[in-house]
Amino acid sequence: MRATAAERTQTTTNPYLICAAAWLVPGAGHLWLGRRQKGLTFLITLTAMFAFGLWIEGRLFPFDVTQPLVALSAFGDIGIGVPYFIAKGFSAGAGRVVAITYEYGNAFIIVAGLLNMLTVLDAFDIAQGRK
Amino acid sequence: MTTHLGLMAVFSVFVSVAFAALMRDDPGDQLRFGARLFAGFMVAGIVLGWLLYPLPL
């Protein structure tokens, strides 16, 4: 359902600041903009998806530009924001290549990051009054 | 939990919930859209799995 004209209001806050918050904490942009239900949904779902990926032995890829696919995976990983740095801080995400769930774990972690990037774009659109 | 089908179902739940919240505003619409997405993921995954079954690795 599209937002009505009355609901579509451009916020006075800098939309780029909202994007930064949305990237750092999944759902923070929507929470900031008053979309509580969506914000909480993103916060719980994307964080759980990322944590689940780590739990099933997925890997947090390093930024290795000599291996373009590894660098792209790292770009996807970091899309989740603060949870990525927390996981790195706890030395999680080493990945165990021989684990049967390794590739699945990678998919969960990367897709959680990419979905968070979509929520950042959505928050930007809302902040601009487009939605 | 480590079965292909189980992991596909968990993945589908996460992605369906996120896309439903992104693309629909009304909670009822989100529920219906999310359920359709989840069903689509599962059916497509199973059909593709069987289509690929005869192919050699």
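Student: Which residues does Leu46(A) touch, not counting residues up to four places away in sequence?
Tutor: This is a predicted model. Leu46(A) is one of the buried residues of α3(A). With neighbours up to four places away in sequence left out, the residues that Leu46(A) touches are Pro26(A), Ile80(A), Ala112(A), Leu115(A), Asn116(A) and Ala18(B).

Student: Which residues of the largest nonpolar core touch the most other members?
Tutor: This core has 26 residues. α3 (36-55) and α6 (102-127) of chain A, as well as α1 (4-23) of chain B, each supply at least two of its residues. The residues touching the most other members are Leu46(A), Met49(A), Phe50(A), Phe108(A), Ile109(A), Ala112(A) and Ala18(B).

Student: How many residues are in the second, separate core?
Tutor: Among its members are Trp23(A), Val120(A), Ala123(A) and Ala127(A). The number of residues in this second core is 11.

Student: How far does α3(A) reach from its first C-alpha to its last?
Tutor: α3(A) has 20 residues, and at 1.5 Å a residue the expected value is 28 Å. The reach in the model is close to that expectation, at 28 Å.

Student: Which residue just after α3(A) takes a positive phi?
Tutor: The phi in question is about 75 degrees. The residue that takes it, just after the helix, is Glu57(A).

Student: Which helix gives the most to the side of chain B that touches chain A?
Tutor: On this side, 15 residues of chain B are in contact with 20 residues of chain A. α1 and α2 (27-52) of chain B each supply at least two of the chain B residues. The helix giving the most, with nine residues, is α1(B).

Student: How many helices are in chain A?
Tutor: Read along the sequence, the chain follows the pattern α-α-α-α-α-α. There are zero strands in chain A, and the number of helices is six.

Student: What share of the residues in chain A is buried?
Tutor: Chain A has 131 residues, and its C-alpha atoms fill a box of roughly 55 × 30 × 25 Å along the principal axes. The buried share of these residues is 44%.

Definitions and conventions: Residues numbered from 1 in each chain as written. Chains lettered and ligands numbered in written order. Predicted model: local features only at pLDDT ≥ 70, side-chain atom pairs only at ≥ 80, totals over all residues. Core = buried A, V, L, I, M, F, W, Y, C linked by C-beta atoms within 7 Å. Buried ≥ 20, exposed ≤ 12 C-beta atoms within 10 Å, placed from the backbone. Helix = DSSP H or I, 4+ residues; strand = E, 2+ residues; numbered from the N terminus. Contact = placed C-beta atoms within 7 Å. Expected span 1.5 Å × (residues − 1).
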